[in-house]
Amino acid sequence: MLFRSEEPSKVKTWYDNVAWKLETPSNGGLPVLRAEVDIAEARMAAVFTITRNADPRAVATHILTMRFIPGADSVVPGVAEIETPAMRIEDRAVGDALEGRTAPVTQNYFFVGLIRDDNLTARNLELLKGRAWIDVPMKLTSGRIAKITFEKGALGERLLGDALEAWK
């Protein structure tokens, strides 16, 4: 689902599909959890991934990526910035942001490194496991603000559990 400001006093909402996959790299590396979000009415797709950072000296325990793919005739011009994703319970308006740092790679493509700290890592993992909805606030290239929200659902929950087990 994508929420996008159409006018200052209105919000446009689109509903569509999320496909979850757990991919194991051919080089035998750590598995990557992948969510592909298709927003047909907005003519846009998004790909969200998360994997554990294998380097114990790195400042990030896990790496999330967020890539937006607006179609040629998309009503969403492009994504200039994102905030750290938040994990949310369905009936709440806002979630709790993961503890991490966002880094733009290019327009429409971003990395988020989850901070390595015993307390923050435990909190991040608890939020990832315990919350069903992922919110990614963003600023579009048009200057408008938006938010993409997607649900883990039963398959996403199961695959996240499988990934967490493999990342131990």
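How many residues does helix α2 have, and what span does it reach from its first C-alpha to its last?

Author: The model is a predicted one, and what follows should be read with that in mind. Helix α2 runs over residues 153–167, which gives it 15 residues, and from its first C-alpha to its last it reaches 21 Å, close to the 21 Å expected at 1.5 Å a residue.

Gly156, Leu159, Leu160, Ala163, Leu164 and Trp167 are the buried residues of α2. They lie on the same side of α2, because the arc they cover around the axis is only 140°. Turned away from that buried side is a face that carries Ala154 and Glu165, both of them exposed, where exposed stands for a relative accessible area over 50% and buried for one under 20%.

To place the helix in its setting, the chain holds two helices and 13 strands. Its radius of gyration is 16 Å, close to the 15 Å that the globule rule gives for 168 residues, so the chain is as compact as a globular protein of that length. The C-alpha trace spans about 45 × 35 × 30 Å along its principal axes. Among the 168 residues of the chain, 42% count as buried, and of the contacts with a separation of 6 or more, 55% are accounted for by residues 24 or more positions apart. The chain exposes about 8,800 Å², of which carbon and sulfur atoms supply 51%.

Strand β10 (residues 100–106) pairs with strand β11 (residues 109–115) in the antiparallel sense, over six bridges, and Thr106 stands opposite Tyr109 in β11. Two residues lie between the strands of this hairpin, and Asn108, in the turn, has a positive phi of about 75°. Although Asn108 lies in the loop between β10 and β11, it counts as buried because its relative accessibility is 12%. Leaving aside residues up to four places away in sequence, Asn108 touches Met66, Arg67, Phe68, Pro70, Gly78 and Val79.

Conventions
Residues numbered from 1 in each chain as written. Predicted model: local features only at pLDDT ≥ 70, side-chain atom pairs only at ≥ 80, totals over all residues. Heavy atoms only, no water. Helix = DSSP H or I, 4+ residues; strand = E, 2+ residues; numbered from the N terminus. Expected span 1.5 Å × (residues − 1). Buried < 20%, exposed > 50% of the residue type's maximum accessible area, 1.4 Å probe, protein only. Arc of directions from axis to C-beta. Pairing = 2+ DSSP bridges. Rg over C-alpha atoms; globule rule 2.2 N^0.38 Å. Contact = heavy atoms within 4.5 Å. Areas by Shrake-Rupley, 256 points an atom, 1.4 Å probe, with all protein chains shown as cover.
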